[in-house]
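User: I am new to this structure and would like a guided look at a few of its residues and contacts. Could you take me through it?

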Amino acid sequence: MSMCTSMQSDISLETILKAISNKKRLEIFDYITKEEFLIKTELITHFGLQRAGLDFHLTALEEAGLIGLLEIKIKGRKYVFIFPKATLRIDLDLLETSSLQDFFPSKLLEDDFSNFTEQFWVESSAIKDPQTIKKILEKLVSKLGKDSSEYYCQRCKNEPGIMKCSECLKLFCTECAKIIEKKDDAKITLCYDCIEDQFS
């Protein structure tokens with residue numbers, strides 16, 4: 001997620017989020033943006049707020065760089081004018097993980113895990129980053145088999161077994177198995193023991 005505004009770069013994202021996290025404050029900002037240039041008393045009247053309450057909201061918006069306050073004396077009387085300084089736009093960049101809810105079954109049983117690892121590594125078109133796949137499967141295996149040696153790599157015995165070898169059907173870590181791309185563009189996972197057997 002990125003926050004795009006035409007404001008000073010030294011304003012932190014935390015300050016901006018704090019400013020827009022209040023529903024009333026957002027309404028005030030929308031109204032200021034629509035009106036473009038107005039007197040503070042107009043906001044007090046429009047929103048039915050006490051002066052102290054309005055000042056609290058305006059200070060947060062000003063600190064976030066969203067509005068400006070301008071004091072002008074007219075015929076000996078001081079007025080506070082308010083104007084918008086920035087437009088606020090939130091861009092959501094979809095990540096690979098945004099489609100995970102479509103990929104996971106509603107219930108994952110221990111017996112399903114090895115087949116599920118195979119789907120993730122060789123069949124998933126949505127998740128392509130190996131580091132993302134590794135993190136997801138390691139989180140799952142920590143819940144499924146934290147007390148069972150069955151879920152540790154069958155070669156090094158130290159790391160979680162999150163890759164199912166297509167040949168021996170055992171689970172291995174990412175250091176002890178490899179994704180092999182075949183000539184027909186299909187992928188298989190092979191542990192290094194099975195690779196040695198095939199090429200020896």
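Analyst: The answers below go through a helix, its aromatic pairs, the charged side chains and some backbone angles. Please note that this is a predicted model.

User: Let us start with helix α3. Which of its residues are buried?

Analyst: Helix α3 spans residues 40-47, and its buried residues are K40, L43, I44 and F47. Seen down the helix axis, these residues fall within an arc of 100 degrees, so they line one face of α3.

User: What covers the buried residues of α3?

Analyst: The cover includes α2, β2 (38-39), α4 (51-63) and β4.

User: And what comes just after α3?

Analyst: G48 follows, with a positive phi of about 65 degrees.

User: Moving to aromatics: how many aromatic pairs does the structure hold?

Analyst: There are seven aromatic pairs in the structure. One of them joins Y31 and F47: the ring centres are 5.7 Å apart and the planes stand at 85 degrees, so this pair is edge-to-face. Y31 belongs to helix α2 and F47 to helix α3, so the pair ties together parts that are 16 residues apart in sequence.

User: Are Y31 and F47 buried or exposed?

Analyst: Y31 counts as buried at 14% relative accessibility, and F47 counts as buried at 16%.

User: Which other pair can you describe?

Analyst: F104 and F120 form another edge-to-face pair, because their ring centres are 5.9 Å apart and their planes are at 65 degrees. This pair links distant parts of the chain, with F104 in the loop between α5 (100-103) and α6 (113-123) and F120 in helix α6. F104 is partly exposed at 27% relative accessibility, whereas F120 is buried, with a relative accessible area of 0%.

User: Which residues are linked into a cluster by ring pairs?

Analyst: F37, Y79 and F81 are joined in that way.

User: Now charges. How many salt bridges does the structure hold?

Analyst: The structure holds seven salt bridges. Among them is the one between E71 and K78, whose closest N and O atoms are 3.8 Å apart. Both of these residues, E71 and K78, are exposed.

User: What about R155 and E196?

Analyst: Their side chains form a salt bridge, again with an N to O distance of 3.9 Å. R155 is in the loop between α7 and β6 and E196 is in helix α8 (residues 192-199), so the pair ties together parts that are 41 residues apart in sequence. Salt bridges that share partners also bring D193 into one network with R155 and E196.

User: Where is R25, and what is its nearest side chain of opposite charge?

Analyst: R25 sits in helix α2 (residues 23-35). R25 is buried yet has no salt bridge, and the nearest side chain of opposite charge, E63, is 8.5 Å away.

User: Where are K75 and K157?

Analyst: K75 lies in the loop between β3 (67-74) and β4 (77-84), while K157 is in the loop between α7 (130-144) and β6 (163-164). K75 is exposed, with a relative accessible area of 87%, and K157 counts as exposed at 52% relative accessibility.

User: Last one: where is I188, and what is it in contact with?

Analyst: I188 is in strand β9 (residues 187-191) and counts as partly exposed at 23% relative accessibility. Neighbours within four places in sequence aside, I188 is in contact with V122, S166, K178, I179, I180 and K182.

Note on methods
Residues are numbered from 1 along each chain as its sequence is written. This is a predicted model: local features need pLDDT of at least 70, side-chain atom pairs count only at pLDDT 80 or more; totals for chains, interfaces and linings use all residues. Side-chain values use heavy atoms; hydrogens and water are left out. Helices (H or I, at least four residues) and strands (E, at least two) are DSSP runs, numbered from the N terminus. Buried means under 20% relative accessible area, exposed over 50%, partly exposed in between (1.4 Å probe, protein chains only). Contact means heavy atoms within 4.5 Å. Lys and Arg count as positive and Asp and Glu as negative; His and the chain ends are not counted. A salt bridge is a side-chain nitrogen of Lys or Arg within 4 Å of a carboxyl oxygen of Asp or Glu. The arc is that of the directions from the helix axis to the C-beta atoms. Rings of Phe, Tyr and Trp (its six-membered ring) pair if their centres lie within 6.5 Å; planes under 30 degrees apart count as stacked, over 60 as edge-to-face and the rest as tilted.
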